[in-house]
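Have the structure open as you read.

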Amino acid sequence: MKAEDFDKKFDQGQDDIIGDLDLSTARRVNLKQKRINVDFPAWVVESLDREAARIGVTRQSIIKVWLVERLKAEGLSNKAEGVEAEG
């Protein structure tokens with residue numbers, strides 16, 4: 001399907017367009033993962049583990065969520081790429 005036909009179908013609200021997409025090559029922009037190591041005092045790890053268990057998530061998940069929340073609150077998320085933060 002040509003891009004013009006796809007755009008027209010979308011703009012006119014015609015049938016579901018998902019079938020016209022190749023989702024095997026889809027990717028989410030600015031979400032490339034990069035592994036880092038961080039050392040914390042034992043009491044911090046223990047506190048993280050307690051809070052993670054309390055809400056039913058992993059230690060890694062709670063660290064990610066809290067860091068992203070803080071970066072967004074500070075207005076710092078995605079500044080390196082020059083992209084405005086979502087949210």
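The model you are viewing is predicted.

**The overall layout**

The protein contains three helices and zero strands, and its elements run α-α-α from the N terminus on. Of its 87 residues, 8% are buried. Among contacts with a separation of 6 or more, 12% join residues 24 or more positions apart.

| Helix | Number of residues | Reach, first to last C-alpha | Expected reach |
|---|---|---|---|
| α2 | 14 residues | 20 Å | 20 Å |
| α3 | 15 residues | 21 Å | 21 Å |

At what angle do α2 and α3 pack? The angle is about 95°, and their axes lie 8 Å apart. That makes α2 roughly perpendicular to α3, because angles from 65 to 115 degrees count that way.

Which residues form this contact? From α2 come Val45, Leu48, Asp49, Glu51, Ala52 and Ile55, while α3 brings Arg59, Ile62, Ile63 and Trp66. Sorted by type, the residues of this contact are seven nonpolar, no polar and three charged.

**The two faces of α2**

Now turn to α2 itself. Val44, Leu48 and Ala52 are buried in α2. They share one side of the helix, because they cover an arc of only 65° around the axis. The buried residues of α2 pack against α3. What sits on the face turned away from the buried side of α2? That face carries the exposed residues Ala42, Trp43, Arg50, Ala53 and Arg54.

**Between and beyond the helices**

Follow the chain past the end of α2. Glycine 56 comes after α2 and has a positive phi, near 80°. Threonine 58 is in the loop between α2 and α3. Is threonine 58 buried, exposed or partly exposed? Its relative accessibility is 48%, so threonine 58 counts as partly exposed.

Just after α3, glycine 75 takes a positive phi of about 70°.

Methods
Residues numbered from 1 in each chain as written. Predicted model: local features only at pLDDT ≥ 70, side-chain atom pairs only at ≥ 80, totals over all residues. Heavy atoms only, no water. Axes fitted to C-alpha atoms, helices over the stretch in contact; angles between N-to-C directions. Helix = DSSP H or I, 4+ residues; strand = E, 2+ residues; numbered from the N terminus. Parallel < 35°, antiparallel > 145°, perpendicular 65-115°, else oblique. Contact = heavy atoms within 4.5 Å. Nonpolar A, V, L, I, M, F, W, Y, C, P; charged D, E, K, R; others polar. Expected span 1.5 Å × (residues − 1). Buried < 20%, exposed > 50% of the residue type's maximum accessible area, 1.4 Å probe, protein only. Arc of directions from axis to C-beta.
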